[in-house]
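Reader: Hello! Could you walk me through a few local features of this model?
Author: Gladly, ask away.

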Amino acid sequence: MHKLGLLKQCLRDCNRAISVSSNYAKAWYRRGMVNASLKKYSSAIHDLKVALSMEVTSSGKSNIEQELKLILLKHRNVNEVGRSSSDCQDAGLPHTAEPHKVVLECASTPNKGRGMMSLNVISPASLIHVEDPLAAIIIKSCRETHCHYCFSEAPADVVFCPLCTIPVYCSKECQEQAVGDISWNQDTSLEFNSHHLVDNAKLGLTSTRCKTSNSKQIAEHMHECGGAHWAAVLPADIVLAGRVMAQYIDKRLLTGKSSAISGPNLDLVHHYDIDSPTSKLESHIYAIVLLLCLQKYYRSDLSWREESLSQLVLLICQIKVNSIAIVHMKSVDGGQELTESKGYSTASDAVMCSVEQIRVAQAIYMSGSLFNHSCRPNVHTYFHSRTLFLRSTEYIESGSPLELSYGPQAGEMDLLERQKSLQENYKFSCRCSSCSELNLSDLVIDSFCCPRSFCLGAVSESTCYRSEENFVHVSLNGSAVCKLSLPDVSKVDEDMEKVGKLFFRNDDADLKIDPGYCMSCRSQLDLSSVVATLDRAASKINSY
């Protein structure tokens with residue numbers, strides 16, 4: 001694998017060989033050469049020295065000594081400041097490690113309630129927040145293809161959970177992080193040694209390197225091994241709630257507190273009061289099942305009070321509206337993820353192939369959930385393994401809200417679709433600037449091309465009329481009525497300026513844009529015929 005350039009696979013193979021036989025000189029030598037290829041010179045020197053001490057043949061010793069001299073020479077030539085970037089990779093630090101000076105504050109606003117804002121000016125592309133999850137779970141469609149801990153694509157030689165064999169992991173390290181230390185007891189059966197983090201300090205929101213006190217997910221899968229395999233059957237939301245509860249219970253047991261289930265105080269919003277009766281009943285049933293599953297694992301160590309079930313129901317409701325999807329970028333052409341193990345891709349990768357976002361997991365981020373939604377966000381989210389990173393996408397004034405997208409964005413979905421999606425998934429109606437005033441993209445995103453080949457205009461099914469200075473009122477399919485501000489062409493990009501000039505070419509006070517007419521040249525299109533043709537084509541495509 002080293003000769004083929006498969007460095008990651010070779011490194012993983014060497015690690016497993018050394019774990020099986022720690023005095024295997026060839027594995028130490030090969031791992032040293034791979035680390036040298038990765039420019040991890042400190043690790044390479046260590047591995048080659050170990051291989052040299054174990055090698056028994058004179059020719060083998062001579063070969064290792066020559067390679068060691070070359071690597072030592074390269075290591076001296078590396079211009080290090082403290083530690084080289086390659087050594088940072090040895091320690092598992094992301095390339096984005098940089099000094100953070102952004103100070104965040106949680107504040108309430110009349111329209112959106114609690115949200116995050118910056119106390120200082122933020123430049124574009126600034127790293128403003130980094131956070132590890134309180135709990136995370138892989139989604140069902142990725143259970144067999146991705147590591148259940150770091151969520152990267154799983155190799156062919158996966159590592160299984162030693163008890164239930166349901167979760168798969170890309171390495172022994174990920175398995176140990178998820179399952180915990182495993183040893184043999186006197187009855188020659190596997191047993192777990194839990195080493196949960198005990199610190200329960202309160203989360204601070206003024207630091208950009210915000211990590212929850214229990215952000216290290218250690219032995220998160222341990223309580224799910226018990227013979228019933230309930231975690232493989234229940235929905236991801238419920239399993240995620242179970243992981244939060246198990247973490248809370250373990251901390252209470254480690255600190256000697258009462259083991260009675262009361263529920264963690266996540267201080268997150270929920271919408272139980274406005275849920276439908278069917279949704280409430282479903283949450284109650286899942287809470288009962290989850291409580292019984294937890295009792296089966298903890299047995300006599302766990303007792304529960306009358307209010308335990310209601311608190312578990314509220315926790316499930318909090319998980320549903322506050323969990324964040326962990327996405328990776330994937331090549332549509334080749335099918336390989338561009339994120340690699342560290343979650344990064346090169347610019348050339350993005351140019352050479354088309355990519356799409358795939359959802360691989362969902363997680364609870366205590367600070368990340370405090371960022372409000374906007375259909376035109378000023379913050380971009382991405383992930384390094386399971387760690388959440390937030391960067392600014394534009395210049396942000398001090399005291400301005402920091403808003404990310406929960407999925408729907410202006411220009412990708414029209415107004416009605418955005419509002420419907422947010423209402424169904426998060427139980428609120430968006431009041432961002434892109435939803436209070438209709439965007440030009442809302443008129444043309446689902447419109448038809450002008451029937452005249454030389455015209456760049458669009459034919460919409462919406463009804464628009466100009467009734468006020470600087471505003472156009474729009475009726476979407478005869479239902480919602482919004483108003484669209486005239487664009488300032490001096491501040492928009494070239495494409496928006498072009499569309500804006502076409503759209504507002506006529507300055508008459510009684511400008512009407514009727515459904516079925518081109519917004520530019522006023523050519524008419526038979527909407528009923530076009531829609532019927534579109535439905536027939538979609539039906540044929542779906543039949544295949």
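Reader: Is Ser171 buried or exposed?
Author: A quick note on the basis: this is a predicted model, where local features need pLDDT of at least 70, side-chain atom pairs count only at pLDDT 80 or more, and totals for chains, interfaces and linings use all residues. Residues are numbered from 1 along each chain as its sequence is written, and side-chain values use heavy atoms, with hydrogens and water left out. Buried means under 20% relative accessible area, exposed over 50%, and partly exposed in between (1.4 Å probe, protein chains only). Ser171 has 13% relative accessibility, so Ser171 counts as buried.

Reader: Thanks! Which residues is Ser171 in contact with, leaving aside its neighbours within four places in sequence?
Author: Contact here means heavy atoms within 4.5 Å. With those neighbours within four places set aside, the partners of Ser171 are Arg16 and Val159.

Reader: And what is the bridge partner of Thr109 in β2?
Author: Strands are DSSP runs of E with at least two residues, helices are runs of H or I with at least four, and both are numbered from the N terminus. Two strands pair if DSSP finds at least two bridges between them; antiparallel β1 (residues 104–109) and β2 (residues 113–118) are joined by six. They form a hairpin with three residues between them. In β2, Thr109 is bridged to Gly113.

Reader: One last thing: is Lys427 buried, partly exposed or exposed?
Author: Lys427 sits in the loop between α11 (415–426) and α12 (433–436), and has a positive phi near 65° without being a glycine. Its relative accessibility is 27%, so Lys427 counts as partly exposed.
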